[in-house]
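Subject: Structure handover

Hello,

Please find the structure below, passed on for your files. My notes come after it.

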Amino acid sequence: KIRKAFIDIECLRRRHSMSIEKLPPSISTDIIVGFPSETKKQFENTVKLLDEDATVPFIARYRKEVTGSLDEEQIRNIEEKINYLRNLEKRKEEVIRLIEEQGKLTDARDSYMEILKDEPQNAEVWDLLGVLYYQVKEYLEAELCIKKAIEIKPEIYYFENLAKLYLDKGDFELAIKYYESLSEEFPKNYEYQFNLAMAYKNHHD
């Protein structure tokens with residue numbers, strides 16, 4: 001099963017208006033929580049302790065009543081996940097700065113290419129590079145970059161970006177394929193259902 005990033009600037013701006021602690025339920029429960037027994041409340045309580053500079057062993061041993069008795073492995077998973085998400089947000093903010101404040105898509109692209117020279121398996125940067133290509137409607141390059149991100153690390157937001165790309169460029173058959181999978185995985189996500197309906201409508205028009 002497929003296991004979210006951004007496609008348009010306005011969508012990205014809305015996501016940046018939220019703090020990591022206030023991520024929408026679709027992200028906080030389906031993406032952040034990594035163990036079957038780990039609840040959203042356990043995650044949030046653990047993040048709060050980590051933000052107070054408590055160490056993982058200390059939390060596991062002396063804060064069981066706060067974390068719901070999470071062990072060290074689960075707490076480290078939370079620590080890694082929250083660090084990843086926060087770093088991801090910082091990089092996306094940099095993309096917005098380059099695109100909106102300076103209008104230098106080329107600079108942004110070159111910046112990501114430099115990163116990929118040193119980190120060719122960095123799925124996040126491949127996805128962000130794909131988004132940059134999408135912004136200038138270079139759909140083939142965008143598709144290749146996002147697919148590369150999925151190949152390295154099949155995160156839900158890469159699949160979401162690819163589905164949105166197919167929908168926007170008019171490849172409705174592939175858009176339907178991806179939105180059907182996304183809707184099956186997340187049946188309460190009305191954005192997926194709406195985009196799936198749009199793909200069906202345009203495909204049969």
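This is a predicted model: local features need pLDDT of at least 70, side-chain atom pairs count only at pLDDT 80 or more; totals for chains, interfaces and linings use all residues.

Residues are numbered from 1 along each chain as its sequence is written, and side-chain values use heavy atoms, with hydrogens and water left out.

Overall. The protein chain has 12 helices and zero strands; helices (H or I, at least four residues) and strands (E, at least two) are DSSP runs, numbered from the N terminus. Of its 205 residues, 44% count as buried. Buried means under 20% relative accessible area, exposed over 50%, and partly exposed in between, with a 1.4 Å probe and protein chains only.

H9 and H10. The axes of H9 and helix H10 (residues 156-169) come within 9 Å and cross at roughly 160 degrees. Axes here are lines fitted to C-alpha atoms, for helices over the stretch in contact, with angles from 0 to 180 degrees between N-to-C directions. Residues making the contact include Tyr 139, Ala 142, Glu 143 and Ile 146 of H9, and Tyr 158, Phe 159, Leu 162 and Tyr 166 of H10; contact means heavy atoms within 4.5 Å. The contact residues divide into 10 nonpolar, one polar and four charged. For that count, Ala, Val, Leu, Ile, Met, Phe, Trp, Tyr, Cys and Pro are nonpolar, Asp, Glu, Lys and Arg charged, and the others, Gly among them, polar.

Glu 143. This residue lies in helix H9 (residues 139-152) and counts as buried at 12% relative accessibility. Leaving aside residues up to four places away in sequence, Glu 143 touches Leu 162, Leu 165, Tyr 166 and Lys 169. Its side chain makes a polar contact with that of Tyr 166 at 2.7 Å. A polar contact is a pair of N or O atoms within 3.5 Å; within protein, one must be able to donate a hydrogen and the other to accept it, and residues adjacent in sequence count only if both atoms are side-chain atoms.

Glu 160. Found in helix H10, Glu 160 is buried, with a relative accessible area of 6%. Its side chain makes a polar contact with the side chain of Tyr 192 (3.0 Å).

Ser 69. This residue sits in the loop between helix H5 (64-67) and helix H6 (72-101) and is partly exposed at 48%.

Regards
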